[in-house]
Amino acid sequence: MEELLQAKEAQHLTARITAGFCWRWSDPRRGRLVDDITIGSWRKPWNLRGEARLDGVPPSWLWATDPDGFGQVGCIYTAQGFEYDWNGVILGDDLVWRQDRWRPNPEASRDRALSNTDPATFLRLVRNTYKVLLTRGMSGTLLYSTDPETQARLRQLVPAPIATEPDPPAPIQQPI
């Protein structure tokens, strides 16, 4: 997913990665962000929470629009508008597919706003979180799930990769 989004950035399109709030969000250590989001060997930090730039990282309110925001992962609190073309969404273990429906998993959530809610409220709020994240990319969205059973269900829903737009033809050059 990250490589595809980097390719979009190389084409002068904007791209960001977002995720459900399923990983701790550490304060910077020694002036650098902490790679809290770990999936296998892939590691990335959340976007900066502060209001000032830190070691080249934009403040939270600029994460979605500043070119230096690509190296961090955004969440529901920073991915609120339509500021970027391509979006990668990491579906965490807080919402998984089991048997015939989406199942909430409150224990996997690190979002304090969702803690201490009843199961029905948690399900409604976590589904809304992903609805927001999945609709931020203006041109397209890539989706990854951390849960194998959910990955299998997503493959059923979208059985083949969706082709991206081909490169535009080279411009015709005419003598002036």
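Predicted model: local features only at pLDDT ≥ 70, side-chain atom pairs only at ≥ 80, totals over all residues.
The mean pLDDT of the protein is 89, and 90% of its residues reach 70 or more. Over residues 164-176, however, the pLDDT is below 50, and this stretch has three contacts in the model beyond near neighbours in sequence.

The largest nonpolar core holds 29 residues, among which Trp23, Trp46 and Tyr130 touch the most other members.

Tyrosine 130, when its neighbours within four places in sequence are left aside, is in contact with Gly20, Cys22, Val89, Ile90, Leu91, Gly92, Asp94 and Leu95. In soluble globular proteins, nonpolar side chains tend to be buried together.

Lysine 44 is found in strand β3, which covers residues 42-44, and lysine 44 counts as buried because its relative accessible area is 19%, while the cut-off for buried is under 20%. Not counting residues up to four places away in sequence, lysine 44 touches Glu2, Val34, Asp35, Asp36, Ile37, Gly71 and Val73.

The second largest pocket contains about 220 Å³ of space. Of the 13 residues that line this pocket, Phe21, Trp25, Arg49, Arg110 and Arg112 are the closest to its centre, and the lining as a whole divides into five nonpolar, three polar and five charged residues.

Key:
Residues numbered from 1 in each chain as written. Heavy atoms only, no water. 1 Å grid on protein atoms, 1.4 Å probe; cavity = no way out; pocket = protein on both sides within 12 Å on 5 of 7 lines; lining within 4 Å. Points joined across faces, edges and corners; volume = space filled by probe spheres on them. Nonpolar A, V, L, I, M, F, W, Y, C, P; charged D, E, K, R; others polar. Helix = DSSP H or I, 4+ residues; strand = E, 2+ residues; numbered from the N terminus. Buried < 20%, exposed > 50% of the residue type's maximum accessible area, 1.4 Å probe, protein only. Contact = heavy atoms within 4.5 Å. Core = buried A, V, L, I, M, F, W, Y, C linked by side-chain atoms within 4.5 Å. pLDDT = per-residue confidence, 0-100.
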